[in-house]
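These are my notebook entries on what I looked up in the structure displayed below. I keep them in the order in which I consulted each topic.

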Amino acid sequence: MFGLVSRVVCDRGYAEDITQETYLQVWRTAASFDPGKGSATTWLLTLAHRRAVDRVRRERASFAREFDYGIKAVGREFDEVAETVENTLEQQAVLAGLDSLSAAQREAITLAYYQGRTYAEVAHYLGIGRD
């Protein structure tokens, strides 16, 4: 039983606890064993396997909750002012870059980047594509 549980939970301490809990469960519920449904060994291993799988599920759920909490806690340290300043500076740099281009270059970038057109569509629209 210990070997089965160890393979499921991959942790010796948990496996020891689950094995002990299973034997305690068997001690308390021995009257519910029905030899017509299978052997005693099969019954023991089934009880142990169920407990082991339940433990793995609990641990995974606990980890997921802690992970989600950690993500949310880290998210609270977000500095909105710094992000706004950075976005504003970036926007100003883009506008300054666009101002340094010719009207045709600026229109090509606007069509491709801001309107989502492909390069082929931009070339066709501006009449500068290959024939």
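**Entry 1. Conventions.** I take helices (H or I, at least four residues) and strands (E, at least two) as DSSP runs, numbered from the N terminus. By that convention I place alanine 52 in helix 3. The model is predicted, and I note that local features need pLDDT of at least 70, that side-chain atom pairs count only at pLDDT 80 or more, and that totals for chains, interfaces and linings use all residues. Residues are numbered from 1 along each chain as its sequence is written, and side-chain values use heavy atoms, with hydrogens and water left out.

**Entry 2. Confidence.** I looked up pLDDT, the predictor's confidence in each residue, from 0 to 100. The chain has an average of 87, and 92% of the residues score at least 70. Among the elements of the chain, I find the lowest mean pLDDT, 85, in helix 5, and the highest, 95, in helix 2 (residues 12-29).

**Entry 3. Helix 1 against helix 2.** At what angle do helix 1 and helix 2 pack? I read about 135° for helix 1 (residues 2-9) and helix 2, with their axes 9 Å apart. The axes are lines fitted to C-alpha atoms, for helices over the stretch in contact, and the angles run from 0 to 180 degrees between N-to-C directions. I therefore record helix 1 and helix 2 as oblique to each other. The classes are roughly parallel under 35 degrees, roughly antiparallel over 145, roughly perpendicular from 65 to 115, and oblique for the rest. The crossing of the two helices is right-handed; a crossing is right-handed if the near helix is turned clockwise from the far one by less than a right angle, and left-handed if anticlockwise.

I then listed the residues in contact, meaning heavy atoms within 4.5 Å. From helix 1, Phe2, Val5, Ser6 and Val9 meet Arg12, Tyr14, Ala15, Glu16, Ile18 and Thr19 of helix 2. Sorted by class, the contact of helix 1 with helix 2 has six nonpolar, two polar and two charged residues. In this scheme Ala, Val, Leu, Ile, Met, Phe, Trp, Tyr, Cys and Pro count as nonpolar, Asp, Glu, Lys and Arg as charged, and the others, Gly among them, as polar.

**Entry 4. The loop between these helices.** Cysteine 10 lies in the loop between helix 1 and helix 2. I noted its positive phi of about 55°, although cysteine 10 is not a glycine. Is cysteine 10 buried or exposed? Cysteine 10 counts as exposed because its relative accessibility is 68%. The cut-offs are under 20% relative accessible area for buried and over 50% for exposed, with partly exposed in between (1.4 Å probe, protein chains only).

**Entry 5. Buried positions.** Threonine 19 lies in helix 2 and is buried, at a relative accessible area of 11%. Not counting residues up to four places away in sequence, I find threonine 19 touching Met1, Phe2 and Val5.

Which residues does alanine 52 touch, not counting residues up to four places away in sequence? They are Val5, Val8, Val9 and Ile18.

Arginine 55 is also found in helix 3. Arginine 55 counts as buried, at 11% relative accessibility. With the same exclusion of residues up to four places away in sequence, arginine 55 touches Val9, Tyr14, Ile18 and Glu21.

Entry 6. Arginine 57 lies in helix 3 (residues 40-75) and counts as exposed, at 57% relative accessibility. From arginine 57 to glutamate 90 I read 46 Å, C-alpha to C-alpha, across 33 residues in sequence. Alanine 52 and tyrosine 114 are 62 residues apart along the chain, and their C-alpha atoms are separated by 55 Å.

Entry 7. Helix 4 (residues 80-99) packs with helix 5 at about 140°, the axes being 9 Å apart. That angle makes helix 4 oblique to helix 5. Val94, Leu98 and Asp99 of helix 4 make the contact with Arg106, Ile109 and Tyr114 of helix 5. By class I record four nonpolar, no polar and two charged residues for the contact of helix 4 with helix 5.

Helix 5 (residues 103-114) and helix 6 (residues 119-126) pack at about 135°, with their axes 9 Å apart. Helix 5 is thus oblique to helix 6, and passes helix 6 in a right-handed crossing. Helix 5 contributes Ala104, Glu107, Ala108, Leu111 and Ala112 to the contact, and helix 6 contributes Tyr119, Val122, Tyr125 and Leu126. The contact of helix 5 with helix 6 has eight nonpolar, no polar and one charged residues.
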